[in-house]
Amino acid sequence: MRSIKKVAVLGAGVMGAQIACHLANAGIGSYLLDIVPKEPDDEEKKKGLTLNDKAVRNRFAAAGLKRAVSLKPAPLFSKEKASLITIGNFEDDLNKVSEADWIIEVVVESLAPKRDLMKKVDAVRKQGTIVSSNTSGIPISQIAEGLSEDFRKHFLGTHFFNPPRYLYLLELIPTAETSPEVVSFMRRFAEETLGKGTVMCKDTPNFIGNRIGVAAMMYVIHKMVERDYTIEEVDAITGPASGRPKSATFRTGDIVGLDTLVHVADNLYEAAPNDEMRDYFKVPDFLSEMQKKNWLGEKTKCGFYKRVKNEKGETEILTLDFRTMEHRQRRKASFDSVDMGKNMDDVAARVKNLAYAKDRGGEFFWDTTASVLIYSANRIPEIADDVVSIDNAMKWGFGWELGPFETWDAIGLEKSVERMKAEGRQVPKAVSDMLSAGAKSFYKEENGVRLYYDFAAKGYKPVPVPPKLINLKLETDKGKVVKSNAGASLIDLGDSVLCLEFHSKANVIGEDVLQMTGQGLKMLETDFDALVIANQGKYFSAGANLMLILMLAQEGEFDEIGRAIKMFQGMDMSIKYAPKPVVVAPFNMTLGGGCEMTLHAPKVRASAETYIGLVEVGVGLIPAGGGTKEMLVRSLARAPRVADVDLMPFVREVLETIGTAKVATSAEEAKAFGYFRPTDGISMNEKFLVYDAKATALAMVKEGYHLPERKKVMALGQPVLSALTLGLYLWKEGGQITDYEFHIGKKLASVLTGGDLTSAQEVDEEYILDLEREAFLSLCGERKTQERMQYMLKNNKALRN
């Protein structure tokens with residue numbers, strides 16, 4: 001059985017160092033190697049170092065790793081993971097690739113140096129070692145030409161997208177000689193161990209993602225110039241209004257770097273002489289002028305946009321006027337069609353609205369979208385065998401909400417093709433034949449199975465599903481829903497496992513979710529062996545329904561708020577002390593009430609990318625669904641079991657974590673903050689999270705689940721409260737917190753130490769819960785808290801929803 005325990009990453013540039021970091025995230029050690037400098041730099045010379053010193057010889061690798069570790073957002077789950085990366089250089093350490101199970105080349109994007117390095121690697125690698133290139137466009141087969149048969153059998157392209165930790169796509173590009181076993185293994189390894197979504201690509205110029213993405217981007221830029229739109233107008237049209245990321249076209253260009261965009265476009269122009277959009281790959285004059293001026297985007301702090309300080313010392317963003325080649329004040333772009341789409345949560349409806357709008361926004365979107373849809377269909381089977389691969393590449397690598405063919409379905413295949421033909425556009429024969437055969441969409445569902453139209457087979461086939469993917473929507477379509485209301489559903493996952501799925505807006509936890517949770521726990525007692533709490537929305541939960549709390553507080557309905565809080569506390573305690581296994585599966589944003597529910601789970605199976613925290617202080621409140629109590633319980637449990645141990649530092653730690661609204665930026669960091677236990681499981685691939693949570697629940701059943709013992713909580717009383725209050729006062733006097741934050745901190749400290757208790761004593765969990773609820777209600781009635789809630793709701797879309 002093949003496994004990968006050590007990797008050699010050859011090249012410590014932006015991508016190489018970050019790939020090494022992501023391998024470390026997965027617990028895999030690596031050698032990160034780069035070239036040896038020609039001579040010591042001035043700083044090294046001052047230290048008396050020569051080219052014989054390791055510090056000089058490993059300078060490029062060390063600098064690459066240091067740069068990567070300092071990046072924001074961070075490429076590592078935690079900085080401690082960097083210890084899994086060993087730096088070196090090609091001259092002294094290339095023999096270490098013989099220890100590696102996978103060797104990945106990430107050097108300069110040029111064929112000659114890649115081939116030269118691979119020739120050296122072939123001489124020292126052990127037989128059977130997988131070797132790959134991270135090239136974004138150089139033909140994979142050319143890199144391996146002339147090398148040993150064993151090398152060629154184990155060689156393929158593995159194209160990560162930047163940044164590797166955060167972008168889900170990994171393009172796999174086998175050659176005609178690559179062993180099918182190697183391809184199959186790398187696909188499974190990438191998906192399960194690295195948490196990637198893999199797409200199989202043909203060995204064609206720029207593969208799938210960059211071929212479609214750059215073609216679409218260059219067409220947009222040319223049409224902007226031709227039709228006299230501004231950069232702001234184009235970004236308003238090609239952002240969320242059209243199902244694309246907020247960075248839209250030109251902000252994306254600044255992030256990626258103009259030099260990278262031009263390099264890929266130039267490569268496409270040279271490598272695809274018969275491409276029908278080849279003329280659009282030519283770089284417009286103003287882009288060439290930007291390159292001459294070194295206006296490359298974020299890396300040079302000037303690109304399509306530029307940050308400056310105005311007369312008041314405030315940061316201001318200027319926009320490039322590509323006609324004058326000067327940066328000017330930003331101009332708000334406004335289109336009725338774009339504004340209308342802002343009120344549409346359904347991306348398909350939003351895209352359809354924009355496609356058929358009659359204003360300048362709709363016209364530009366239609367022209368550029370029709371072009372990319374036709375172009376994408378013409379690329380089958382050139383760059384991929386099916387529509388699914390192209391759609392996934394664009395969603396996972398470029399952040400599109402809908403792939404090209406999903407977009408085509410959204411705007412209506414038949415209607416849009418009629419319009420394309422009326423405008424004289426050349427609709428691909430495969431699409432026309434498909435319509436003639438009676439197929440009216442690229443995707444459809446039958447009996448809970450998603451199908452796609454296959455051009456070669458001239459019919460529908462099931463969309464390939466990885467073995468570890470459980471799609472809750474398809475399970476719902478199969479009739480597996482046991483009970484449901486507006487906020488949540490109970491779904492039978494099979495094997496006597498029940499799933500509680502949230503589907504409220506932003507997955508906020510309101511009364512309907514609490515009611516369905518209660519019903520799920522009752523069914524668990526009689527009809528199922530385990531319960532999984534999971535969903536597949538944009539994020540696990542934005543917390544409790546803040547809008548409802550604010551409305552009730554403004555109307556003075558504090559008894560109603562108290563009733564809701566007590567119901568929430570009761571639900572969390574029922575989860576904690578359920579007679580059978582309950583597994584909570586958080587991912588992405590898991591805040592406030594979502595964090596509190598997770599804290600009470602007997603077992604957690606979290607996505608590696610979980611951003612979790614108790615953030616209630618930010619809106620002038622404290623956690624009152626049991627979160628304050630449970631963090632106290634967990635922190636005290638970490639104290640040494642010795643006589644006369646000082647427990648105050650453990651209580652202070654909770655005060656700081658909750659009082660500063662700490663949010664973990666990964667599941668690993670969540671363990672350090674105490675939101676997860678050291679024994680809680682982590683899934684690298686979020687799409688496999690429900691499967692993994694179910695497997696965790698079944699393992700708990702198999703091991704024989706025992707109801708957790710109810711234990712007392714040590715409340716330290718007034719002496720420790722006084723000490724914590726003094727600390728808060730010093731923070732306030734030092735300008736670290738405001739007067740009102742000092743007020744909230746005292747409320748929180750009082751709960752953590754037992755309220756009016758004059759000395760340390762053990763209390764029931766319910767005692768702390770009562771204090772939580774009392775403090776929460778008290779703060780709800782204060783004007784400053786209500787103002788904070790109003791501000792947060794106004795400025796945070798997730799909370800507002």
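Strands β1 (residues 6-10) and β2 pair in the parallel sense, with 5 bridges between them; helices (H or I, at least four residues) and strands (E, at least two) are DSSP runs numbered from the N terminus, and two strands count as paired if DSSP finds at least two bridges between them. Across this pairing, Lys6 sits opposite Gly29 in β2. To get from β1 to β2 the chain passes through helix α1 (residues 14-25), a right-handed β-α-β crossover; that is, with the strands pointing away from the viewer, the path from the first strand over the helix to the second runs clockwise.

This is a predicted model, where local features need pLDDT of at least 70 and side-chain atom pairs count only at pLDDT 80 or more, while totals for chains, interfaces and linings use all residues. Residues are numbered from 1 along each chain as its sequence is written, and side-chain values use heavy atoms, with hydrogens and water left out.

β2 also runs parallel to strand β3 (residues 85-89), joined to it by 5 bridges, and here Ser30 faces Ile85. In a regular strand, side chains alternate between the two faces of the sheet.

Leaving aside residues up to four places away in sequence, Phe742 touches Thr725, Leu728, Tyr729, Lys732 and Ile737, contact being heavy atoms within 4.5 Å. Lys732 lies 10 residues from Phe742 in sequence and 6.5 Å away in space, C-alpha to C-alpha.
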